[in-house]
Amino acid sequence: MAEKSFAAALNEQISNEFAASQQYIASAVYYDAETLPRLAAFFYRQALEEREHAMMMIRYLLDVGEQVQIPDVKSVSTTYADGSEPVKIALDQEKRVSDEIFSLFELARELKDYRAEQFLQWFIKEQVEEVSLMEDLLNVVERSSDNLLLAEEFIARESFGAEGSDPTAPPAADEGE
Ligand code: FEO
């Protein structure tokens, strides 16, 4: 039998998602201070997406009658070695979150928690997209490392990272509020 309940594991993931949101705010603030508004906007938007992931998990725990824990906030540095570093950190973070979602999925299987397994399906798809997005952005910022205005132009021209609403996304706790 698994050592951990699914609710406890998902509460940990809620903390990870809020931490990812904080990391993206720090990255956005760094680019904003460097007068790179498109890169800043990209990360401000990603920060909101991560918060939304946490709110979906909160909604799920509420719906299945489990306790929700709101995590402490840890500080994040807004200083980076160069313009590529925030994207490298973001890519590592997204890969780590993918592994965390896979572990949650394995736990749901082990516990024969079919509701949890179904809930996690969307996050598996989302992580494929987010890792791919960050890999693309890393290519772009590394290619533009001498002049990040080229990355800014690319993001604007391609509407890079702008997503429409996803009707398959799980509901968030604050939806419709
Ligand atoms: Fe919610 Fe991109 O991890």
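Tyr60 and Phe119 are both buried (under 20% relative accessible area with a 1.4 Å probe, protein chains only). Their ring centres lie 4.3 Å apart with the planes at 20 degrees, so the pair is stacked (centres within 6.5 Å, planes under 30 degrees apart). Tyr60 belongs to helix H2 and Phe119 to helix H4, which places the partners 59 residues apart.

The model is predicted, so local features need pLDDT of at least 70 and side-chain atom pairs count only at pLDDT 80 or more, whereas totals for chains, interfaces and linings use all residues. Residues are numbered from 1 along each chain as its sequence is written, and side-chain values use heavy atoms, with hydrogens and water left out.

## Helix packing

The axes of H2 and H4 (residues 114-143) come within 12 Å and cross at roughly 170 degrees (lines fitted to C-alpha atoms over the stretch in contact, angles from 0 to 180 degrees between N-to-C directions). H2 is therefore roughly antiparallel to H4 (angles over 145 degrees). Residues making the contact (heavy atoms within 4.5 Å) include Tyr60 of H2 and Phe119 of H4.

For H1 (residues 6-33) and H2 (residues 37-63), the axes come within 8 Å and cross at roughly 165 degrees, which makes H1 roughly antiparallel to H2.

## A second stacked pair

Phe42 and Phe160 are also stacked, at 5.7 Å centre to centre and 20 degrees between the planes. Phe42 lies in helix H2 and Phe160 in the segment after helix H5 (149-158), so the pair ties together parts 118 residues apart in sequence. Both Phe42 and Phe160 are buried.

Key:
Helix = DSSP H or I, 4+ residues; strand = E, 2+ residues; numbered from the N terminus. Parallel < 35°, antiparallel > 145°, perpendicular 65-115°, else oblique. Phe/Tyr/Trp six-rings, centres within 6.5 Å; stacked < 30°, edge-to-face > 60°. Buried < 20%, exposed > 50% of the residue type's maximum accessible area, 1.4 Å probe, protein only.
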